Amino acid sequence: MNEIAIYLITGSVLFCLGLWGVVMREHLLHKILGVNIMGSAAFMLFLAFAARAEPADAVPHALVLTGIVVAISAMALALALMKRVAKESEQHQATLEDSQ
Amino acid sequence: MTVLLPGLVLLPLIAGGFAALFRQQGRWITLATGLGMLVMLVLLSIDAWGVGQYQGLWTLGGWERPLAIAWYLDDLAHLMLLLVGLVSLAIMAYAWFDTETSDHFWGLWLGGWGAMNALLLSSDLFNIYVTIELLGLVAVALVALSTKAGAAAAAMRYLIISLTGSMFFLLGVALIYGQYGRLDLIGLAEVVEHNWVTHLAWSIMLLGLLAKTAAWPLHGWLPLAHGRAPTAASALLSALVIKASFYLMWRFGVGPFAALSNELIAMLLALLGTMAIFWGSWRAWKTPLLKELIAWSTVAQIGYLLIGLAILFNPQSILTVSEQFNPSLLLFWLIAAHALTKAGLFLVAGNLILLTHSYQLKDQLAVLCNSPLTLWTLGLGSVALAGLPLTLGFIGKWWLIESSVALGQFWLLAPLILGGVFTLAYMGRLLQPAFEQRLLCQYAPKQSDGRPAECISERQLAWPLLAVPFILVLSVWVLALFPLYPWGATL
């Protein structure tokens with residue numbers, strides 16, 4: 001159980017870290033990476049919960065695989081949008097300062 | 001019925017893929033799909049006619065719960081399917097005639113429609129996460145279709161909030177799975193207990209969904225995204241997409257997590273709703289831009305929905321179904337009224353911008369003073385949005401007022417009643433000068449070609465562009481005559 005507790009705590013810390021990145025960092029790439037870290041944290045919790053059973057529960061593995069596919073598509077859209085924001089902004093910076 | 005439910009999800013998803021691949025034929029694929037969806041929605045409703053307690057559970061691939069992904073159809077899901085279908089069809093009909101509609105629009109919203117239907121039917125937390133993420137990505141892409149300055153930044157802001165909200169939701173799902181080892185809503189309702197992990201998971205999910213619904217104070221992205229999106233996209237986003245996450249809060253709050261509701265959470269939601277009404281109305285009153293005014297009014301109207309949610313979540317509320325009358329479904333009519341009115345108003349705003357090529361509120365007078373149908377649509381829409389008697393919104397708002405009095409929450413009467421007054425005030429910014437100017441236009445000296453000076457006529461537009469918003473807004477008045485669910489089922 002102790003090993004699982006380590007993963008659970010790491011997952012929670014990672015989630016908060018990712019959220020900090022989304023809220024506090026200005027550059028859009030940092031924000032996008034922050035969202036990804038939050039996602040990884042949630043996946044880590046899923047897998048830690050799966051490891052509690054003997055043999056390991058298969059359902060969370062399937063869920064995490066699906067989640068990774070969703071995360072990749074979201075990431076692709078986010079990066080494409082970020083490039084467009086940088087191109088359209090006056091100083092060619094990928095930040096959100098210009099919107100009101 | 002077993003064929004219709006997957007059809008309602010798969011047809012638009014597959015057609016959306018094809019429409020994205022063959023962009024030139026996108027609108028024809030959409031036409032065929034739209035007709036197919038209309039037929040399926042009608043068949044589904046005929047199937048349900050007279051069945052009474054109409055509820056169905058459908059498991060994908062025939063697996064047993066809890067392993068299977070279950071789809072669940074009840075009155076609320078059925079009504080939402082109809083609302084999404086009809087509003088989508090109306091907006092697509094408008095987009096067909098709008099010369100500025102991008103080729104990408106068709107495939108995107110077909111996919112979004114499929115995702116929305118899947119979300120409405122899903123009865124499994126992880127499946128719901130996938131559908132809400134898919135819908136969120138479609139919504140962001142719809143905003144990014146606009147070539148307007150700042151549209152990319154608005155879409156980016158929307159994407160970050162939407163993804164963060166989804167991650168909160170996913171974390172909640174993970175915690176629920178860790179606690180109970182199952183994710184199907186029906187099964188969860190039987191096993192959910194009072195403990196801090198479950199409370200934490202539900203609060204996190206609620207927070208994520210509130211951000212996606214643009215509840216005050218997490219609303220900052222909405223006026224930018226909805227104000228800068230292309231016309232048809234603004235209408236879809238304001239009318240339907242934000243309702244998806246609201247629907248989930250409703251579903252979860254009265255379903256699996258009903259046991260966790262307490263007066264504190266109801267009070268918090270009521271406070272958020274009150275602030276949303278005041279702040280949204282104030283900003284709508286101050287903004288110089290046409291579409292931002294309508295977008296801020298969406299923020300204010302979400303306040304009503306949140307107060308409705310607060311009443312659903314309050315354990316003291318009397319929500320028992322008696323004589324086939326389900327009081328909580330009155331909240332659906334508030335959603336429907338807002339969806340139909342707001343779609344109509346955004347489409348009218350699109351018309352005005354097409355004619356004047358200006359986003360400023362003050363420049364729209366040149367059209368309004370010479371366009372009776374546009375003016376009527378705006379007028380009927382404003383009154384419907386304010387929820388005056390004889391409109392559909394009144395039924396929902398009356399229920400809110402009645403319930404808050406029954407609960408002894410008399411302070412809620414202030415936002416509920418003032419909200420309607422505010423709506424008339426900020427919509428009046430558009431209407432009142434138009435009525436004044438209209439007189440000037442009629443008596444102004446005519447130009448050499450015989451037309452009144454400085455007045456742009458709505459007749460330059462194709463007639464469907466005028467008819468679709470008028471029908472949408474008018475339906476709010478007509479539906480108010482028949483607010484009873486005609487299936488004879490629980491209302």
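I take buried as under 20% relative accessible area, exposed as over 50%, and partly exposed as in between (1.4 Å probe, protein chains only). The model is predicted: I ask pLDDT of at least 70 for local features and 80 or more for side-chain atom pairs, while totals for chains, interfaces and linings use all residues. Residues are numbered from 1 along each chain as its sequence is written, chains are lettered from A in the order written, and side-chain values use heavy atoms, with hydrogens and water left out.

**Entry: rings**

I looked up B:Phe105 and B:Trp106, and both are buried. I then looked up aromatic pairs (rings of Phe, Tyr and Trp, the last by its six-membered ring, with centres within 6.5 Å; planes under 30 degrees apart are stacked, over 60 edge-to-face, the rest tilted). B:Phe18 and B:Phe22 are stacked, because their centres lie 6.3 Å apart and their planes meet at 5 degrees. B:Phe18 has 44% relative accessibility, so I log it as partly exposed. B:Phe105 and B:Trp106 pair edge-to-face, at 5.4 Å centre to centre and 80 degrees between planes.

**Entry: interface**

I counted contacts (heavy atoms within 4.5 Å). 33 residues of chain B touch 35 residues of chain A. The buried area (accessible area, 1.4 Å probe, lost by two parts on being put together, summed over both) is about 3000 Å² between these chains, and carbon and sulfur atoms give 80% of it. I found zero salt bridges between chain B and chain A, taking a side-chain nitrogen of Lys or Arg within 4 Å of a carboxyl oxygen of Asp or Glu.
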